[in-house]
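Here are some notes to read alongside the model, written for someone meeting it for the first time. Please keep the viewer open as you go.

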Amino acid sequence: MKKSIPVVATLAAVVLGVAATSTVLASSASSATAERNTKISGASVIAWNQELLKIVQTPGAQPATVHPTRSYAILHVAIDDAIVSITRDGSPLLVSVKAPREARPDAAAIEAGRATLTALYPGFKAELAQLADGQLAMIPNGADKQQGIQVGDAVAGKILQLRSTDGSAITPTPFTPGSQPGNYRPTPPNFPTPAFTNWGQITPFVLKSGSQFRPEPPPALTSAAYAQALNEVKSLGQNTSTTRTADQTVIGKFWAPPIWNTWNVIAENAAISHHTNLERTARLFAVLNLSFADSAVAMYDAKYHYQLWRPITAIRLADTDGNPATVGDPTWTALAVTAADPSYPGAHSTMSAAGATVLADFFGNRDQIQVASTALPGTVRTFDSYSDVATEAGLSRIFAGQHFRFDHVAGLDLGHDVAQFVLNHAHQED
């Protein structure tokens with residue numbers, strides 16, 4: 001006798017069959033999208049980094065009271081968070097938006113770059129549009145492209161809103177220099193107004209506060225450690241030094257440009273040589289520049305907390321420091337013009353340690369590294385590790401007469417601590 005199959009059971013089988021087929025199709029589409037995303041080049045991220053580098057080097061483009069590292073961080077975290085909102089490969093670093101998986105992450109990255117930099121530098125709107133439109137023209141038109149653009153715009157808006165109340169727009173109060181031995185005061189020959197006096201109080205991107213990793217106080221003026229450091233920079237950092245080697249003179253001049261710019265170019269070269277894709281390139285530059293931005297906050301917190309005089313002041317007034325091991329030289333002049341902020345800790349050392357820590361985390365410390373400088377066109381310095389780059393960049397400020405060795409040491413520790421904290425935050429989000 002032929003058995004009848006229950007209608008309910010038959011319908012269930014049909015439904016289950018359709019569902020299984022739909023799942024397979026959806027899985028295949030998702031896999032294809034993921035495979036496409038992993039093959040997208042990181043070149044567009046590098047292009048936006050180069051564009052910002054060009055802008056901040058344009059006279060008058062960067063607001064005098066806003067540190068450039070803030071712009072780098074806003075640009076790159078917007079690019080990264082727009083991409084990750086789509087790929088969902090890990091979590092965004094600061095913000096996220098709902099995004100369809102089929103949206104183009106490369107379109108999102110391009111629009112995030114355009115939207116952030118146009119808001120930060122409205123005078124460059126046409127140039128930025130030309131860059132974005134040229135990049136978008138390389139992506140086939142379709143709903144996925146438009147969805148990506150919408151995601152990039154939305155993430156950029158959220159990042160800009162988040163940073164609109166960080167305190168960076170507050171006009172700094174006039175700085176009153178001290179007159180006691182050790183107190184920072186504007187330096188010869190041009191005696192510039194101290195810069196970024198309030199930057200240690202702006203809201204960091206990742207750190208809990210600017211003082212989170214504040215270094216211990218510098219050595220007392222009457223200590224042997226202070227005398228040793230002063231006498232070292234007095235000898236090696238003088239414009240007419242006879243103890244500084246020819247290579248040390250080159251080093252002192254080579255690293256003079258803004259150090260965060262130099263490290264961003266180092267990162268560009270690393271990303272190119274390691275063929276990083278869109279996601280990895282975006283995460284690299286986001287973590288790197290979040291580390292620089294928060295290092296700037298932490299560094300200025302410490303600088304204006306301790307307000308230690310610069311070597312040129314310390315050496316010229318050494319007879320007043322109460323240390324028998326130091327001797328004043330009222331005509332002493334440094335190899336380079338002194339920066340307009342207190343000495344401790346050193347900016348080059350802080351930023352360089354942060355840069356080396358991040359790049360070593362992504363690529364390993366040992367790498368083939370070549371560095372050029374706008375200060376000495378045609379000169380290229382070669383290194384075998386990112387830590388060696390950081391060490392030389394920091395020591396260059398002693399050779400240039402800008403810093404004491406303890407400024408350098410404290411800066412290395414500070415930059416490493418900040419970058420490691422940002423990296424830990426990024427790894428937690430992955």
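1. **Ground rules.** This is a predicted model, in which local features need pLDDT of at least 70 and side-chain atom pairs count only at pLDDT 80 or more, while totals for chains, interfaces and linings use all residues. Residues are numbered from 1 along each chain as its sequence is written, and side-chain values use heavy atoms, with hydrogens and water left out.

2. **The whole chain.** The protein chain has 14 helices and two strands; these are DSSP runs numbered from the N terminus, with helices (H or I) of at least four residues and strands (E) of at least two. Along the principal axes, its C-alpha atoms fill a box of roughly 115 × 40 × 40 Å. Of the 430 residues, 53% are buried (buried is under 20% relative accessible area, exposed over 50%, partly exposed in between, with a 1.4 Å probe and protein chains only).

3. **The largest pocket.** About 760 Å³ of space lies in the largest pocket. Of its 35 lining residues, the closest to the centre are His 67, Ala 195, Phe 196, Trp 260 and Tyr 300. On a 1 Å grid over the protein atoms alone, a pocket is an open set of points where a 1.4 Å probe fits, with protein on both sides within 12 Å along at least five of seven lines, and lining residues have an atom within 4 Å of a point. The volume is the space filled by probe spheres set on the points, which are joined across faces, edges and corners.

4. **Helix H9.** Which helix gives the largest share of the pocket lining? H9 does, with three residues. Helix H9 (259-273) is largely enclosed by the rest of the structure, because eleven of its 15 residues are buried; Trp 260 and Trp 263 are among them.

5. **Helix H2.** H2 (residues 43-56) is also worth a look: eleven of its 14 residues are buried, so the rest of the structure largely encloses it. Its buried residues include Trp 48, Asn 49 and Glu 51.

6. **Aromatic rings.** There are 14 aromatic pairs, that is, rings of Phe, Tyr and Trp (its six-membered ring) with centres within 6.5 Å; planes under 30 degrees apart are stacked, over 60 edge-to-face and the rest tilted. Phe 254 and Trp 255 are edge-to-face, because their centres are 5.2 Å apart and their planes at 70 degrees. Phe 254 is buried at 2% relative accessible area, and Trp 255 is buried at 1%. One aromatic cluster is formed by Phe 175, Tyr 184, Phe 196, Trp 199, Tyr 300 and Tyr 304.

7. **Backbone points to check.** Most residues other than glycine have a negative phi, and most peptide bonds are trans. Phe 196, however, has a positive phi, near 55 degrees; this residue sits in the loop between H6 and H7 and is buried at 17% relative accessibility. His 275 also has a positive phi, near 55 degrees, but counts as exposed at 70%. The peptide bond from Pro 188 to Pro 189 is cis, with omega near 10 degrees, and so is the one from Tyr 344 to Pro 345, with omega near 0 degrees.
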